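I went through a few sites one at a time and wrote down what I looked up.

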Amino acid sequence: MPTKVEKDSVTGTMTTGHEWDGIKELNTPLPKWWVIITWITVAWSAVYCVLYPSWPSLSSYTGGTLGYSQREEVARALQAAQAQHAPMVQRVTAASIEDVRRNPELLGYAMAAGRIAFANNCAGCHGAGGQGARGGFPSLADDDWLWGGKLADIQQTISVGVRTGADEARTSQMPRFGADGVLEPQQINDVAEYVLSLSNRAGDAAAAQRGQTVYADNCVSCHGERGEGNREFGGPRLSDNIWLWGGDKASVVASIANARAGVMPAWTGRLDEATIKMLAVFVHALGGGEQ
Amino acid sequence: MSTIHALKQLRATEPEQSPKLYANRVKVYPARVRGLFRRIKWFLLAATLGVYYLLPWLRWDRGPGAPSQAVLVDMPNRRAYFFWIEIWPQEVYFLTGLLILGAIGLFLVTSLFGRVWCGYACPQTVWTDLFMWVERAIEGDRNARIKLDQAPWTGRKTLLKIAKHAAWLAIAAATGGAWVMYFNDAPTVVREVFTGEASLTVYFFVGLFTAFTYALAGWAREQVCTYMCPWPRFQAAMLDENSLIVTYRDWRGEPRGKHKAGTSWEGHGDCVDCGQCVAVCPTGIDIRDGQQLECIGCGLCVDACDTVMGRVGRPRGLIAFDTLQHLDACAAAAAPLPAGPARLDAAAAQPVRLKVFRPRTLIYAGVLGLVCIVMLVAFLMRTTIELSVLRDRAPLFVALSDGSIRNSYTLKVLNKLHATPVYALSVQGIAGAALSAADAERGAAGALHLPVRPDAVTTWRVHVTAPRASLGAASMPVTFVLRGQDGQEVARYSSVFLSPRP
């Protein structure tokens, strides 16, 4: 309880009048400039509440008279970025994919944009560097292509996807030779041995010999006479060192018995034409692109 | 209780005896002065300001696509141009070298001639000098200015003050304006500044340098040298008894006092205590008090005193650039004699010799020369073409259908020249290894032809494909070699080739 406000003899400052056990408190108010700035900020906060979004309500918020919104700001920034890219995107859309590949300026742009589109859309399955992954995610960096490695082939595959049900989709059908009882387990074993011998891997020579007949009856139409594959039907090449589903005998047997059917979405509709074109150019340049 | 009580008692008993920690500035009103050192200062002022304001306007033809300004720091394009030299950001050590040269040069000059940098060439001194000249031209000389400041505010005083500050601000704005010209094309940026098209950065820096020039040269002045600048604090370490410094020859001047014209000088020092040396001093000190931190060694008091000595008919040099060693020798020679002209004769016998070669100066000069040589060698050995190779990590390698292994590399060729050479890239280290790239032609002998962009870094992604039979180990060294069209090797880079364990 304030008792007596007096001037302190030592400092010359007034006391607050409070006293505890003989100790008196000096009255040292906040500096004037500090108080003024505080009140200015308080006043500004009131102005801010009127001008900008500030108070939440149950389902919305006060919008402010300036109508400012960070979402709109982002949208505007995105639009500005798109507008900035528009001339190049238009040029890519207008040019044929071969022209994009040949024009250094368009190629540079397509590679940069394709890299980003690849990371956003493709890397999840095909890997950051297009190296693919076990379990049916093909490597895009090697020289083995199921549906063709030319620019136009890649562009088409990205556009229509694999086994999407669309009319033009890349679709192939490997019969389930074991599960559906087309071949006996012995025959499957024999034809697996023959398939392994196509890539010069020694195994049971007699079984391979027997398997050749089975192969000729059941596999040749899609995989070719010597296992060279057929890109028309998406028949994988069996005579090389690249195996999408594993190249050891157990995997090959499993593939014959149960068949394999990977899928990839069609990107038409998800991505615009220019982006698909640039993706194709980027994938083509990963290392396996064919001329 | 006892401590607080003691403190209270202490403060109660001697409140006014506690030392004041803040010294109010005493405004300095330097008077006009004429003489040799004033002329040198005017000349250096004109030369340094002339270089500062005009250098950005000097043109230098570098061909198309490159700026035609002789001295330019091009921040957006990451280049610095100095006449025929073009520096990339990674070569900023040349700038470091220049700064080292500047520092050691300053040490050398200071050890020989004292604080000539402070007195003659420091921007703070030069701009303050210019601002003082403006002040003198508008408000008059020392006495007029003192009177004007003490006078009540009248229309004339207001007008003079407005004129002075307007002139100061104009000079300050020109200073800030010239600064941005070193970072932008001068004619373009000047036009943009006046038409309001310049970037916010440009206006910010013009404003910043205008404000600082105005504040430092107009208002802060000698306080910058006395309180803000670190150089006066440690420059004493470069000075010794053989360095030239501005000194008052007390053995000759004392006892000072008024002297009636025509009377004898016997028993009378040469200093007539006219106060001119104090009146002209830009930092407002009395050189007769001896060496002081505040003295910037400009020598204006020498000019002032020489004028007065000429008027009273005594030899010049009562205040002079002298070494402490010579000062002490003269004082010792003069000490036994009574005050008066006899002392001057005794001191005249003391040899004046400027000891240039001292361990200190030799060391400074040696380091200076060494840095010069290092920089020169670095500049002459500067490469204009550089190759760097970064191996892809995802995937580490790609197995191809025929069993061979391919590694991919990101290749950067840095070309500092404004030419567009085509280089041939080959790879060594693995038998049968073949190069390919999506955007480069393959020439004879399997070499890739890389057209390098001028004054830029060009990037390629190249593939090296090696037959399985050549791969003896999971990691094998390979070397990329870049050759000119004449077959001359211009750059090489070592990397490794990875393959699955056999």
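**His463(B).** I looked up the polar partner of the His463(B) side chain: the side chain of Ser408(B), at 2.8 Å. I note that the model is predicted. His463(B) is found in strand 13 of chain B. I checked its accessibility and found a relative accessible area of 4%, so His463(B) is buried, the cut-off being under 20%. I then listed the contacts of His463(B), leaving aside neighbours within four places in sequence. From chain B the list has Arg406(B), Asn407(B), Ser408(B), Ala434(B), Leu435(B), Ser436(B) and Ala437(B). From chain A it has Ala285(A), Leu286(A) and Gly287(A).

I placed Asp455(B) in the loop between strand 12 (448-451) and strand 13 (456-466) of chain B. Asp21(A) sits in the loop between strand 1 (15-20) and strand 2 (23-26) of chain A. Which of the two is buried or exposed? I found Asp455(B) buried, with a relative accessible area of 16%, whereas Asp21(A) is exposed, with 83%.

Pro255(B) lies in the loop between helix 12 (250-253) and helix 13 (276-280) of chain B. I found Pro395(B) in the loop between strand 6 (385-391) and strand 7 (398-399) of chain B.

**Arg231(A).** I located Arg231(A) in the loop between helix 9 (220-223) and helix 10 (249-258) of chain A. Arg231(A) is partly exposed, at a relative accessible area of 37%. How far apart are Arg231(A) and Trp147(A) in sequence and in space? They are 84 residues apart in sequence, and their C-alpha atoms are 5.1 Å apart. Not counting residues up to four places away in sequence, Arg231(A) touches Trp145(A), Leu146(A), Trp147(A), Gly148(A), Gly149(A) and Glu290(A). For Trp145(A), I found the backbone oxygen 3.3 Å from a polar atom of the Arg231(A) side chain.

**Helix 4 of chain A.** I checked the length of this helix, residues 104-121. At 1.5 Å a residue its 18 residues should span 26 Å, and the end C-alpha atoms are 25 Å apart, so the two agree. At the N-terminal end I found a cap: a side-chain oxygen of Asn103(A) lies 2.8 Å from the backbone nitrogen of Glu105(A). I listed the buried residues of helix 4 as Leu106(A), Leu107(A), Tyr109(A), Ala110(A), Met111(A), Gly114(A), Ala117(A) and Phe118(A). An α-helix has 3.6 residues a turn, so residues three or four places apart point the same way. I asked what the buried residues of helix 4 pack against. The partners are helix 2 (70-94), helix 3 (97-102), helix 5 (123-126) and helix 11 (273-284) of chain A.

**Nonpolar patch.** I noted a surface patch made of Val109(B), Phe113(B), Leu354(B), Val356(B), Phe357(B) and Leu362(B). Together these residues have about 530 Å² of accessible area. I looked up one of them, Val109(B), and found it in helix 3 (residues 93-113) of chain B. Val109(B) is partly exposed, with a relative accessible area of 32%.

Conventions
Residues are numbered from 1 along each chain as its sequence is written. Chains are lettered from A and ligands numbered from 1 in the order in which they are written. This is a predicted model: local features need pLDDT of at least 70, side-chain atom pairs count only at pLDDT 80 or more; totals for chains, interfaces and linings use all residues. Side-chain values use heavy atoms; hydrogens and water are left out. Helices (H or I, at least four residues) and strands (E, at least two) are DSSP runs, numbered from the N terminus. The expected span of a helix is 1.5 Å times one less than its number of residues. Buried means under 20% relative accessible area, exposed over 50%, partly exposed in between (1.4 Å probe, protein chains only). Contact means heavy atoms within 4.5 Å. A polar contact is a pair of N or O atoms within 3.5 Å; within protein, one must be able to donate a hydrogen and the other to accept it, and residues adjacent in sequence count only if both atoms are side-chain atoms. Patches are made of residues with over 30% relative accessible area and no salt bridge: like charges are joined within 9 Å, nonpolar side chains (Val, Leu, Ile, Met, Phe, Trp, Tyr) within 5 Å. Accessible areas come from the Shrake-Rupley method with a 1.4 Å probe; for residues, only the protein chains shown count as cover. A salt bridge is a side-chain nitrogen of Lys or Arg within 4 Å of a carboxyl oxygen of Asp or Glu.
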